[in-house]
Amino acid sequence: MAKNLVIVESPAKSKTIEKFLGRNYTVRASMGHLRDLPKSIFGVDVENGFQPKYINIRGKGELIKELKTAAKKADKVYIATDPDREGEAIGWHLAYILGLDPESSCRIEFHEITPGAVKEALKHPRKIDLDMVDAQQTRRIIDRIVGYQLSPLLWRKIRKGLSAGRVQTVAVKIICDREKEIANFVPQEYWTITARLRENDKAPIFDADVIKFNGKKLEINNAEEAAKAEAALKEAAYIVEKADKKERKRNPLPPYTTSSLQQDAVKKLNFSTKKTMLLAQQLYEGVNVGKGGAVGLITYMRTDSVRLSDVATAELRSFIGSTYGAEYVPAGVNVYSSKKNAQDAHEAIRPTSVERTPEAVAQYLTKDQLKLYTLIWKRTVACQMKAAVYDVTTLLIGAAGYQLRAGGAVLKFDGFLKLSDKKELAGEKEKEVPYLPEQTPLKLHKLMPAEQHFTEPPPHFTEATLVKELEEKGIGRPSTYSPTIQTILDRGYIVKDGKKLVSTELGELIVNMLTTYFKDIINIPFTANLETELDEIAEHEANKETVLENFYEPFSHLLQKADKEIETVEAPVEVSDVKCEKCGRMMVYKQGRYGKFLACPGFPECRNTKPILKKIGVKCPDCGGDIIERKTKTRKVFYGCSNYPECKFTSWDKPTEQHCPKCGHILYEKTDRNGNKKLFCTNENCEDAVKTYKGKAAANAKSK
């Protein structure tokens with residue numbers, strides 16, 4: 001048996017690390033938590049200092065036995081769980097199970113899974129940070145109190161299966177409040193006018209927007225006012241009143257935090273927050289990169305710090321200079337400030353080695369892993385490059401009491417934009433405006449017709465903007481954003497409409513009830529303040545028991561009052577047009593773990609249920625039945641025949657009623673991340689089709 005035992009959380013990580021350490025080390029995985037509060041009972045003694053009752057998690061018995069055996073045979077045991085509060089708590093539970101003294105040097109911590117980082121961590125073992133453990137326990141106990149005392153209230157007053165949570169309910173409230181804003185929004189009409197001007201008949205033409213009249217901001221509220229302004233501007237003499245030409249710098253963005261990575265992955269890659277974190281976990285835990293074997297490609301992906309280590313910045317600056325040229329390396333290291341309350345224990349998310357370019361590792365990664373790695377790699381390299389430099393020209397132009405503004409910017413030095421691809425640079429279109437001295441008279445080439453506009457309501461939240469809102473309001477931590485969104489989606493409190501997150505009637509009902517009776521607890525300031533208190537516990541600036549007492553005393557009083565005053569209400573029931581074939585009642589829509597389904601309202605006498613068949617209006621090419629939309633257990637959409645299992649037709653891509661003009665084969669539809677729909681033929685014998693298997697991308701059929 002090896003002399004040393006290292007325990008990590010995941011098997012993928014253990015395999016990677018074991019290759020680094022050689023024969024004197026055995027690496028095993030705990031598979032996450034081994035002890036937790038029991039599911040069947042409350043498990044917190046509120047009368048005796050909120051003592052938690054931990055038990056070994058069911059199903060982990062064999063694993064615990066194996067770890068105990070390995071620990072007894074080892075001379076030294078190192079606990080190498082994740083470098084955050086959750087990981088510290090898992091390590092503390094491990095120490096208890098294995099009989100280790102948490103005050104001994106049994107804990108090691110590393111932020112990237114590379115040979116150097118792991119071996120360096122083994123040189124500096126430390127004791128388990130009990131303050132961090134207390135912070136995690138406080139969060140777990142408060143969440144247990146809310147979940148096990150507030151959720152039953154919802155069961156009694158609305159229906160079984162509902163849940164409330166300290167963070168999840170506030171997240172639903174944020175979405176519900178936005179939906180109310182949108183519903184109550186009253187659009188306001190306004191008009192804009194643009195003039196196309198030039199110095200003389202041969203000079204370049206440029207656009208100028210009308211912005212003021214008689215020194216005040218111009219507000220055109222209707223067609224009559226627009227027509228009056230147009231008439232005056234058509235007859236006016238134009239002259240440059242003020243001219244300004246200067247250099248403007250555009251600085252690179254800081255390296256990724258968990259929040260900013262999730263936001264960018266939603267916007268640029270169309271990844272859900274759940275998918276982003278899953279892929280990031282894989283990149284962190286280790287990927288086999290050929291001769292070098294398995295290695296972690298990125299640093300720890302749960303962080304709210306934008307700090308980079310001195311070693312990382314030195315490597316980045318050297319790489320930038322040798323790859324792009326010395327002119328792209330700034331005089332000093334670019335330093336970024338983390339947001340208030342950010343935990344600075346971890347670095348920002350970055351590649352473990354900048355030399356592992358996306359091109360160098362592409363053959364070892366899946367398509368989605370490569371997309372996310374490329375996003376992280378480019379952002380990290382860009383953050384240590386020089387700023388982009390623009391020449392900016394601004395003209396203020398007078399015309400019969402009106403003032404117009406013309407502005408243009410031309411890229412002078414690309415700096416960090418060197419890493420941008422063509423699509424990204426498409427948004428950097430240069431708009432040139434000639435520099436003209438003051439008092440230069442101008443000619444009106446054309447007055448563009450006045451354009452009518454209406455003010456827009458605030459946009460619906462998307463996963464990206466909700467993560468941003470939660471972060472800005474101080475609700476939750478980087479590790480909680482993705483599971484929070486997934487939970488409220490699974491519970492049916494919100495739904496996804498394309499990329500939009502929209503509240504449901506059930507979500508609004510629960511939020512209204514809870515905010516009426518628990519407005520001092522289910523709100524943004526309280527939730528954000530609690531996060532600050534958890535930080536203070538972790539930093540030994542607050543006491544665990546005091547924080548719990550301050551939470552529980554008002555909460556318990558509110559709970560008693562609410563239980564007495566809230567009347568039982570019926571959750572909204574949506575009746576379908578499907579008749580129960582067993583009893584004849586019209587079936588109703590119910591929300592389950594995997595989404596909506598049809599159920600007989602005669603329960604418990606009639607227990608008939610069936611999936612919702614969402615027809616797409618296309619007949620099955622094999623048997624002529626209806627094609628319906630289905631979902632896998634992981635919520636991925638596919639298409640199949642309603643006559644299943646008699647007919648086995650299935651497709652990842654959406655069938656259409658159109659046929660290929662070359663071969664007559666049915667055409668399928670694919671939507672890219674920009675929302676563009678393309679039709680393609682899957683007939684491998686058709687000259688107009690690229691072969692497609694298992695949903696891989698195919699060429700767009702040239703249908704006429």
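**Entry 1: a serine in a loop**

In which loop is Ser353 found? I located Ser353 in the loop between helix H10 (310-324) and helix H11 (358-361). Before going on, I noted that this is a predicted model, where local features need pLDDT of at least 70, side-chain atom pairs count only at pLDDT 80 or more, and totals for chains, interfaces and linings use all residues. I also noted that residues are numbered from 1 along each chain as its sequence is written, and that side-chain values use heavy atoms, with hydrogens and water left out. Helices (H or I, at least four residues) and strands (E, at least two) are DSSP runs, numbered from the N terminus.

Is Ser353 buried or exposed? Ser353 has a relative accessible area of 14%, so I filed it as buried (buried is under 20%, exposed over 50%, partly exposed in between, with a 1.4 Å probe and protein chains only). Leaving aside residues up to four places away in sequence, I found Ser353 touching Glu315 and Tyr373 (contact means heavy atoms within 4.5 Å). With Glu315 there is also a polar contact, side chain to side chain, at 3.3 Å. A polar contact here is a pair of N or O atoms within 3.5 Å; within protein, one must be able to donate a hydrogen and the other to accept it, and residues adjacent in sequence count only if both atoms are side-chain atoms. I checked Gln282 too: it lies 71 residues from Ser353 in sequence and 16 Å away in space, C-alpha to C-alpha.

**Entry 2: a histidine in a helix**

Next I went to His93, which sits in helix H3 (residues 85-98). I put His93 down as buried because its relative accessible area is 3%. Not counting residues up to four places away in sequence, His93 touches His33, Arg35 and Tyr54.

**Entry 3: two helices**

How do the axes of H5 and H18 cross? I read that the axes of helix H5 (residues 130-157) and helix H18 (residues 544-565) come within 11 Å and cross at roughly 5°. The axes are lines fitted to C-alpha atoms, for helices over the stretch in contact, and angles run from 0 to 180 degrees between N-to-C directions. H5 and H18 are therefore roughly parallel (under 35 degrees; over 145 is roughly antiparallel, 65 to 115 roughly perpendicular, the rest oblique). Among the residues that meet, I noted Ile141, Ile145 and Leu153 in H5, and Leu548, Phe551 and Leu559 in H18. The contact residues divide into 13 nonpolar, three polar and five charged.

**Entry 4: strands**

I then turned to pairing, which takes at least two DSSP bridges between two strands. E19, E21 and E20 form an open antiparallel sheet in that order. Strand E19 (461-462) and strand E20 (494-497) stand at the edges with a single partner each, so one side of each has no neighbour in the sheet. E20 pairs with strand E21 (residues 500-503) over four bridges, and Ile494 stands opposite Ser503.

Strand E16 (residues 402-413) is joined to strand E10 (residues 206-213) by four bridges, antiparallel, with Asp209 opposite Arg405. Strand E15 (residues 388-399) pairs with E16 over 11 bridges, also antiparallel. In the hairpin of E15 and E16, Ala400 takes a positive phi near 55°.

Definitions and conventions:
Ala, Val, Leu, Ile, Met, Phe, Trp, Tyr, Cys and Pro count as nonpolar, Asp, Glu, Lys and Arg as charged, and the others, Gly among them, as polar.
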